[in-house]
Amino acid sequence: MTIDYAALLDIADQAAKNAYVPYSKFHVGAALVADDGTVFPGCNVENVSYGLTNCAERTAIFSAVVSGHQRFSAIAIVQHANDEPCWPCGACRQVLAEFNPDMDVIFREGSGVRVTKLHELLPHCFDATRLKVK
């Protein structure tokens, strides 16, 4: 399946406009692509108790899982009105790696697009092979 990176970034940017960010004013959007091509947008949702804030990437993943999807090929991430990469936090990297450490991670960079693999952003992720269940 060919992914239209520019279109995906536009979906992420539209999602960022819906972010609930009364404290940071940092509007982030994500667009997650399931293996069947379905796109799940997500935005960050803040809470006055900062630890309860949810990032755009995890919002997209959780929405996709609720909809019955568990295989993903790519995610685009943007900070609204910013042309610099908006790197996912460590928690989001770990959650994304649970589903596909080889997924494409797509960012705006200046007037272009930057694509990397998730495993390059989280090279030694914790995974189920580390669990020792008896």
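1. A pocket, as used in this note, is an open set of points on a 1 Å grid over the protein atoms alone, with protein on both sides within 12 Å along at least five of seven lines; its lining residues have an atom within 4 Å of a point. The model is predicted, so local features need pLDDT of at least 70 and side-chain atom pairs count only at pLDDT 80 or more, while totals for chains, interfaces and linings use all residues. Residues are numbered from 1 along each chain as its sequence is written, and side-chain values use heavy atoms, with hydrogens and water left out.

2. Now to the largest pocket. Its lining has 15 residues, and Phe26, Val28, Asn44, Cys55 and Glu57 lie nearest the centre.

3. Asparagine 54 sits in the loop between strand E2 (39-43) and H2 (helices, H or I, of at least four residues and strands, E, of at least two are DSSP runs, numbered from the N terminus). Asparagine 54 is buried, at 17% relative accessible area (buried means under 20%, exposed over 50%, partly exposed in between, with a 1.4 Å probe and protein chains only). Leaving out residues up to four places away in sequence, asparagine 54 touches Cys43, Asn44, Val45, Thr59 and Phe62 (contact means heavy atoms within 4.5 Å).

4. The largest nonpolar core holds 22 residues, and Leu32, Phe72, Ile75, Ile77, Met103 and Val105 have the most contacts inside it (such a core is a set of buried Ala, Val, Leu, Ile, Met, Phe, Trp, Tyr and Cys residues joined through side-chain atoms within 4.5 Å). A second, separate core of 10 residues includes Ala12, Ala31, Val78 and Ile106.

5. Beyond its neighbours within four places in sequence, valine 105 contacts Ile75, Ile77, Arg114, Val115, Thr116, Lys117, Leu118 and Leu121.

Notes:
1 Å grid on protein atoms, 1.4 Å probe; cavity = no way out; pocket = protein on both sides within 12 Å on 5 of 7 lines; lining within 4 Å.
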